[in-house]
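Biologist: I would like to learn how to read a model like this one, feature by feature. Could you walk me through it?

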Amino acid sequence: MMAEVPTTVRAARAVQAERSVAALDDRMGGEHLPRRPQWDCLACGREWPCDPARVRLAEAYGDSRINLAMYVGSLLFVATAELSDADPAELHERFIAWTR
Ligand SMILES: [Zn+2]
């Protein structure tokens, strides 16, 4: 079956974001995955990405900091939608700032 072709930038971003979320289990080796829609860690209960999750993601991307930032940016897109009460600036800090 052909996937529906997204017709807006926002729709395309949402499709990409869902793909990023679907890839998480593989990226994380099944450990320190986020519980959704709360976005806390299934393993240690801290806000996701917890420290072990950050280490794992950084290892997965190695020198590709831009790709890492793009990947967690995609996750941030989903988390922002699901954590509608959260401060967007704090979410940005939590998801993106550590990748620099
Ligand atoms: Zn954790």
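Predicted model: local features only at pLDDT ≥ 70, side-chain atom pairs only at ≥ 80, totals over all residues.

Biologist: Is Ala79 buried or exposed?

Modeller: The general idea is to count neighbours: a residue is called buried if 20 or more other C-beta atoms lie within 10 Å of its own. Ala79 has 23 other C-beta atoms within 10 Å, so Ala79 is buried.

Biologist: Which residues does Ala79 touch, not counting residues up to four places away in sequence?

Modeller: Setting those sequence neighbours aside, Ala79 touches Trp39, Leu91 and Phe95.

Biologist: Now the helix itself. How many residues does α4 have, and what does it reach from its first C-alpha to its last?

Modeller: A handy check is to set the span of a helix beside the value expected at 1.5 Å a residue. Helix α4 covers residues 65-82, which is 18 residues, and reaches 25 Å, close to the expected 26 Å.

Biologist: Which residues of α4 are buried?

Modeller: They are Leu68, Val72, Ser74, Leu75, Leu76 and Ala79. These buried residues pack against α1 (9-22), α3 (51-61) and α5 (88-95).

Biologist: At what angle do α1 and α4 pack?

Modeller: For a helix pair, read the angle together with the distance between axes. Here the angle is about 105° and the axes are 8 Å apart. Angles of 65 to 115 degrees count as roughly perpendicular, and α1 and α4 are therefore roughly perpendicular to each other. On the α1 side, the contact is made by Arg13, Gln16, Ala17, Ser20 and Val21. On the α4 side, Tyr71, Ser74, Leu75, Phe77 and Val78 take part.

Biologist: Which residues make up the largest nonpolar core?

Modeller: To find a core, look for buried nonpolar residues that are joined to one another through C-beta atoms within 7 Å. The largest such core here has 11 residues: Trp39, Cys41, Trp48, Ala53, Leu57, Leu68, Val72, Leu75, Leu76, Ala79 and Phe95. The elements that give two or more residues to this core are α3 and α4. Helix α4 gives the most, with 5 residues.

Biologist: What is phi of His32 near?

Modeller: Phi of His32 is near 50°, and this is again a positive value in a residue other than glycine. His32 lies in the loop between α2 (24-27) and β1. His32 is buried, with 22 other C-beta atoms within 10 Å.

Biologist: What about peptide bonds: which residues does the cis bond with omega of about 5° join?

Modeller: That cis bond joins Arg36 and Pro37, and Pro37 lies in the loop between β1 (34-35) and β2 (40-41). The bond from Trp48 to Pro49 is also cis, with omega near 0°. Pro49 is placed in the loop between β2 and α3.

Biologist: Where is Trp98, and is it buried or partly exposed?

Modeller: Trp98 is in the segment after α5. With 15 C-beta neighbours inside 10 Å, Trp98 counts as partly exposed. Trp98 and Ala11 are 87 residues apart along the chain, and their C-alpha atoms are separated by 27 Å.

Biologist: Let us step back to the whole protein. What pattern does it follow along the sequence?

Modeller: The pattern is α-α-β-β-α-α-α, with 5 helices and 2 strands. The radius of gyration is 14 Å, close to the 13 Å that the globule rule gives for 100 residues, so the protein is as compact as a globular protein of that length. Along its principal axes, the C-alpha trace spans about 35 × 30 × 25 Å. Of the 100 residues, 15% count as buried.

Notes: Residues numbered from 1 in each chain as written. Helix = DSSP H or I, 4+ residues; strand = E, 2+ residues; numbered from the N terminus. Expected span 1.5 Å × (residues − 1). Buried ≥ 20, exposed ≤ 12 C-beta atoms within 10 Å, placed from the backbone. Contact = placed C-beta atoms within 7 Å. Rg over C-alpha atoms; globule rule 2.2 N^0.38 Å. Axes fitted to C-alpha atoms, helices over the stretch in contact; angles between N-to-C directions. Parallel < 35°, antiparallel > 145°, perpendicular 65-115°, else oblique.
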